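Okay, everyone, let me put the model up on the screen and then walk you through it.

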Amino acid sequence: MATRTGAWAAVAAAAVVAVLSAALSLYGSPLDAVLKRAFSLHNAHSVKGMEDALQLVRNIVPPLTAKKHKGQDGRVGVVGGCREYTGAPYFAAISALKVGADLSHVFCTQEAAPVIKAYSPELIVHPVLDSPDAVHDVGKWLPRLHALVVGPGLGRDDVLLSNVKDILEASKARGIPIVIDADGLWLIAQQPALIQGYQKAVLTPNHVEFSRLSEAVLGDPLDGQDRRGAVLRLSQALGNVTVVQKGERDVISDGKQVLECSQEGSGRRCGGQGDLLSGSLGVLVHWALQAGPERTDGFSPLLVAAFGACTLTRQCSHQAFQKHGRSTTTTDMIAEVGPAFSRLFET
Ligand SMILES: NC(=O)C1=CN([C@@H]2O[C@H](COP(=O)(O)OP(=O)(O)OC[C@H]3O[C@@H](n4cnc5c(N)ncnc54)[C@H](OP(=O)(O)O)[C@@H]3O)[C@@H](O)[C@H]2O)[C@@H](O)CC1
Ligand SMILES: Nc1ncnc2c1ncn2[C@@H]1O[C@H](COP(=O)(O)OP(=O)(O)OP(=O)(O)O)[C@@H](O)[C@H]1O
Ligand SMILES: [Mg+2]
């Protein structure tokens with residue numbers, strides 16, 4: 001990105017001043033440290049780069065106007081939810097809504113559905129994933145969905161994974177953007193060909209999921225010293241599928257560029273934070289693709305969407321921790337999605 005900043009020259013001075021005052025008032029720490037934490041590029045740490053990246057995210061956010069109808073700002077589907085895991089698909093689906101999607105669907109097993117419905121009246125819950133007609137039952141909704149998030153709380157049952165494989169194929173055939181997380185990544189590690197070369201896919205592995213994928217696709221034991229290189233290589237090997245490796249810093253690559261997000265989060269590592277990230281990313285991916293490369297200054301829209309979701313998740317964690325400290329849970333983070341989004345992207 002450092003070589004592509006020409007288009008931003010005109011806004012840079014004012015933007016840097018704005019970020020300076022916002023950063024100081026938000027965090028109260030030295031500007032340079034704040035900005036370096038929040039954004040860095042492969043081989044480049046730049047104040048301007050941070051502002052450019054946040055501005056690119058702001059550029060993809062659709063305006064709230066009276067001219068739109070319900071659904072236009074995003075209809076997202078989450079594929080996951082089984083007997084053991086009902087929280088994860090709920091976290092992902094409600095996060096998509098809180099970021100700004102208009103409708104959020106969950107496609108889960110029969111047993112999980114009433115539980116997920118009971119968490120929230122705002123989600124549309126389909127108890128279809130373990131039905132004999134699962135692929136047809138999900139498939140009939142695909143024409144109405146703008147993005148799919150596959151994996152949170154899916155589990156590893158062979159029948160479910162086989163249905164999800166067919167749902168992935170049907171979604172790819174329709175060109176639907178797909179975020180793959182959690183047990184969806186387990187499936188991809190078994191069958192990388194399922195996602196090979198599909199450039200509307202984003203994978204969001206945690207440390208363990210990344211190692212598993214890396215070993216399956218590259219046959220490499222993970223090089224913990226060179227995370228950027230490892231993420232770049234995995235993305236390239238998968239045919240430029242975007243990869244977001246979550247961790248102390250989040251490393252994001254589309255096989256061409258590498259972004260790093262180290263927005264200040266918190267020391268709490270409670271479960272579900274990755275689900276918040278993947279659900280948020282579902283709606284941001286739709287917005288980014290709809291906005292197109294002109295709005296993202298020629299950069300991959302999925303890279304910009306991923307940077308947005310990582311920054312937002314970590315800011316939610318930071319804000320929730322300021323209020324709740326050690327007792328912070330993902331529910332507290334979800335309550336911060338609105339305020340965190342405003343601070344980051346609606347300044
Ligand atoms: N409330 C809910 O419903 C939630 C449900 N969820 C759902 O659970 C399902 C399984 O997902 P998962 O992430 O637990 O995966 P899995 O491969 O079993 O790994 C588990 C083991 O890996 C390790 N480990 C993990 N991270 C590590 C790290 N950074 N660095 C190092 N080690 C690390 C760690 O090993 P240990 O520390 O025990 O040695 C851990 O025990 C999936 O469907 C997901 O969506 C979650 O979304 C949470 C909220
Ligand atoms: N060591 C860390 N320091 C700061 N933030 C972290 C750290 N590890 C992860 N995160 C942040 O927490 C969020 C979730 O990442 P994590 O690796 O916990 O995902 P996950 O294991 O898939 O979560 P989940 O419990 O939802 O499955 C991301 O925004 C990531 O940036
Ligand atoms: Mg996870």
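By buried I mean under 20% relative accessible area, with exposed being over 50% and partly exposed in between, using a 1.4 Å probe and protein chains only.

Quick housekeeping before I go on. This is a predicted model, so local features need pLDDT of at least 70 and side-chain atom pairs count only at pLDDT 80 or more, while totals for chains, interfaces and linings use all residues. Residues are numbered from 1 along each chain as its sequence is written, chains are lettered from A and ligands numbered from 1 in the order in which they are written, and side-chain values use heavy atoms, with hydrogens and water left out.

Back to Ser104, then. You'll find Ser104 in strand 3, residues 103-108. Helices here are DSSP runs of H or I with at least four residues, strands are runs of E with at least two, and both are numbered from the N terminus. Ser104 and Gln315 sit 211 residues apart in sequence and 23 Å apart in space, C-alpha to C-alpha.

Now, the pocket. How big is the largest pocket? Its volume is about 770 Å³. For the record, the search runs on a 1 Å grid over the protein atoms alone: a cavity is a set of points where a 1.4 Å probe fits but cannot get out, and a pocket is an open set with protein on both sides within 12 Å along at least five of seven lines. Lining residues have an atom within 4 Å of a point. Grid points are joined across faces, edges and corners, and the volume is the space filled by probe spheres set on the points.

The largest pocket has 30 lining residues, and Asn206, Lys246, Cys270, Gln273 and Gly274 are the ones nearest its centre. Helix 8 (182-190), helix 9 (207-218), helix 11 (273-291) and helix 12 (301-324) are the elements giving two or more residues to that lining. By class, we get 6 nonpolar, 13 polar and 11 charged residues. The classes go like this: Ala, Val, Leu, Ile, Met, Phe, Trp, Tyr, Cys and Pro are nonpolar, Asp, Glu, Lys and Arg are charged, and the others, Gly among them, are polar.

On to the ligands. Ligand 1 is surrounded by 16 residues, with Ala88, Gly153, Arg156, Asp183 and Asp275 the closest; being near means having a heavy atom within 4 Å. That shell splits into 6 nonpolar, 6 polar and 4 charged. Helix 4 (87-99), helix 8 and helix 9 each put in at least two residues, and helix 9 has the largest share, with 3.

For polar contacts, think pairs of N or O atoms within 3.5 Å; within protein, one must be able to donate a hydrogen and the other to accept it, and residues adjacent in sequence count only if both atoms are side-chain atoms. A polar side-chain atom of Asp183 is 2.4 Å from an oxygen of ligand 1. The side chain of Arg156 has an N or O atom 3.0 Å from a ligand 1 oxygen, and for the side chain of Arg212 that distance is 3.2 Å. Taken alone, ligand 1 exposes 910 Å², and the protein buries 49% of that. Those areas are Shrake-Rupley, with a 1.4 Å probe; for residues, only the protein chains shown count as cover.

Which residues come nearest to ligand 2? Out of 14 around it, Lys246, Asp250, Gly272, Gly274 and Arg314 do. A polar backbone atom of Gly274 lies 2.8 Å from an oxygen of ligand 2, and one of Asp275 lies 3.1 Å from a ligand 2 oxygen. From the side chain of Arg314, an N or O atom is 2.8 Å from an oxygen of ligand 2. Ligand 2 alone exposes 620 Å², of which the protein buries 78%.

Most residues other than glycine have a negative phi. Ala182, in helix 8, has phi near 50°, so a positive value in a non-glycine residue, and Ala182 is buried at 15%. Asp297 has a positive phi too, near 55°. Asp297 is in the loop between helix 11 and helix 12, and is buried at 17%.
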